[in-house]
Amino acid sequence: MSTQIERFEDPGLPEHLHRKADTDPKAAKRAEQQVAILFLLSAVGTVGTIASYIWVHPQVYLYIPILGSTNVQQACIGLGLTLATLTIGLGAIQWAKKLMPDVEQVQERHEFRSSDKDRDDLTKTVENRVEETGIARRPLIKRTLGLALGLVGLSPLVLLRDLGPMPGKYLDTTDWTAGTRLMLDPANTPIRPEDLEVGAVAQVLPELPAGTERTLENIGKDAVLLIRLRPEDFNLDPERLSWTYNGIIAFSKICTHMGCAVALYEQQTHHLLCPCHQSTFDVTRAAKVIFGPAARPLPQLAITVDANGYLVAKQPFTVPIGPSFWERNSKNG
Amino acid sequence: MADKKTSPTTRTGKLAAGAANYADDRLGSAGYLKKNLNKIFPDHWSFMLGEVCLYSFVILLLSGTFLTFWFDPSQRDVVYQGAYTPLSGVSMSAAYASTLHLSFDVRGGLLMRQIHHWAALIFMVAIVVHLFRVFFTGAFRKPRETNWLIGIGLLTFGIIEGFLGYSLPDDLLSGTGIRIAEAILQAIPVVGSYLAFFAFGGPFPGTSFIPRVYMVHILLLPALFLALITVHLMMVWYQKHTQFPGPGRKESNVVGYPLMPVYMAKAGGFFFIVFGVTAFLGAVASINPIWLYGPYTPGQISAGSQPDWYMGWLDGLVRMAPPLETHWLGHTISWNILLPSLVLPGLIFVGMTFYPFIEAWISGDHREHHLLDRPRNVPNRTALGAMSIAFMVIALANGGNDIIATHFHLTINGIMWFTRIGLFTVPPIVFIITKRVCLSLQRADRDLVLHGRETGRLVMLPSGEMIEVHEPISDARKWTLTQHQQPEALPAPLPEEALVGWKGKLRKRMNEAHNVQVPAATLSELKELGDSHH
């Protein structure tokens, strides 16, 4: 076998084949008409868009299978726009494909690399110019400039400081204190144990001092879920059991993973599920995490009743509620 | 003939000459324009993916501008009184109320909202598919590494921009997304709670976040996009487009159609097609029906909370993270948040950013490349790409585990465990299979060149043996299937001195793996076969 291996050779650009419209005037005429019809359809689309805007009633809804209840005017304007734009595109491409020259052309690429001389010259020029500034010989300038440039970026950072207040102890606390009444959300009325049947769930918020308006920030850390079980369903240590009242147990509703509302309660299994990332908590075992990415149980709120028979908090939450943060200082619960 | 100036005779010619000369008198643009109107663009369907990105970006600018005329980026409390009666009298943020107003009281407002959202989804799909096209064909190689970096930047900003965009309406779903973003900020060690308080102007949700996000969404990031896209396109223009190998196509040339008129008509027409398709989706396909979710409040949530698809893989990673937290000296470190939402995506993006340089380091190939690779001819790279797609698909599937569970009657726990294990086992398997498939395809190319294509015609020989007649393929096809670089022809097999130490050994092993190839058929082999056949 010879050592010289012959490889295939590039046969070069294939011979150009004429399209029908290049040789047959009838075909060319046909293509022209197709393009024109498409452009005309676009005009029709625009007229349709404007007509829909003016004459179709804005509040008419139509049930369309699969699509559901559809606002007729919005759909008509949209379909008009679709026709108006799509056909311009199709027309232009048909025009380019059928009637514009389709002979492939060859262009040479230019080499990016400059000549060695130019490259050397540039290096030398840069070297010389840097030399002329004297930065190498004047270390004082070099260092002070470095310092100045290094520091100048600090100002805008510092100026951003007023974007928000310092967190302080905000994340550690809630509005729940000993004796705070549990108020049903959204009715904002106090609740008695007998208002809640076995198996029922209610969202409650702390009663705020009169004249204080409840903000979303309050709700974001105060939301509590009340669940009533049969007392024998609990599997709690004596302390936690004493935090419940007649089978009613209260947990922070804010997920200890990423702060979503833990809203799905499965009555049969006594599981609470967070719809965001599917962390699952066992209500009977003080909201212990039994599945998913959450690392800590939902904080339990100790509850009891006051002299008037309304449910109240026995004490504030013993641990910060919600997702973790660096300053958070507690391991369990 | 004496007059050197040719004067146009047609009316169009005169108009064109007038405009061109006017510009030339002031800008000296005639030479430049003449050259560039003749610029050649190679034709291939996959080259329009980048165009889809550009056009959907233009659609986003147009539809987004429309939305800003009505949208009120404020979290102040208002009571809704509008055409959507189920929410009449409900207290909500001005942002949510104005989005309802846009959807129900502004003619074409809902359409524009839906066009904007669909265009954003198309933008992100097109970016990702364009990225895969560039990756699998090796278009990122020298001299186009810079454009790869810009592309990664655009992808990153696109994900952020999309997230901020669907956060703006302040409905229950988007508020939940913001809550999760806040938890991620808060989880950053040492500075987390400060970052969260600064971003939100105090405790979550506050009243500052949406106005701030709005400014970033409609000014800061779009300006960045415009700048990056401009540089991206200027580089494509200056460096000229890559082309697929084939007869007459060389490293040193570019074969295709001139900018004017063919490419202008096709590209310009294509913009209208992308617009038309987006308008059609906006007209008939409801997306993000915020009125169904209600206004945001931290105590509520809607089941089946799903981010948009380009965030879905992140959400899937977060969902499958193990419940790990470290409690250390009175501090809490949430690995269950940090690993899936910051560390892992960070590693993926850093790897993606440096891939062109890593591959050049492994292959030792520092030459310019203008001819694209056929993916099968670079099995290692193709396998790596397929493996990444597998990883993303598994993460994305887990991001929709609740939806999958309800639709296919599976348990969420089952899907979660499947994806937890699959995330580590499936990508390597996909790598091995893809590499094998690439090599098999190379072998098939070789057979095709040497033995021709199957015609489907069966012939019975006098001996009774049945054979299928094979027909030689065209010279053009033979060239296309055999033109690629053979390992022995690679210019820079790594010098021995570069291969010492653990780094050198690693490089050598990766180089060998990178160069695995089925030798392309040669003319010599074909001749030899021809001699022995008959």
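Trainee: How many helices and strands does the secondary structure of chain A come to?

Mentor: Chain A comes to eight helices and 14 strands. Helices (H or I, at least four residues) and strands (E, at least two) are DSSP runs, numbered from the N terminus. Before we go on: this is a predicted model, where local features need pLDDT of at least 70, side-chain atom pairs count only at pLDDT 80 or more, and totals for chains, interfaces and linings use all residues. Residues are numbered from 1 along each chain as its sequence is written, chains are lettered from A and ligands numbered from 1 in the order in which they are written, and side-chain values use heavy atoms, with hydrogens and water left out.

Trainee: And what does chain B have in helices and strands?

Mentor: Chain B has 19 helices and eight strands.

Trainee: What makes a residue count as buried, and what share of chain B does?

Mentor: Buried means under 20% relative accessible area, exposed over 50%, partly exposed in between (1.4 Å probe, protein chains only). By that cut-off, 51% of the 534 residues of chain B count as buried. In chain A, buried residues make up 40% of the 333 residues.

Trainee: Why is a set of residues called a nonpolar core, and which residues touch the most other members in the largest?

Mentor: The name applies because its members are buried Ala, Val, Leu, Ile, Met, Phe, Trp, Tyr and Cys residues joined through side-chain atoms within 4.5 Å. The largest such core has 85 residues, and B:W148 and B:L155 touch the most other members. Helix α5 (residues 109-136) of chain B gives the most to this core, with 15 residues. Apart from it lies another core of 31 residues, among them A:I227, A:C276, A:A287 and B:I337.

Trainee: Which residues is B:W148 in contact with, leaving aside neighbours within four places in sequence?

Mentor: Contact means heavy atoms within 4.5 Å. B:W148 has such contacts with B:L131, B:V134, B:F135, B:F140, B:M352, B:T353 and B:P356.
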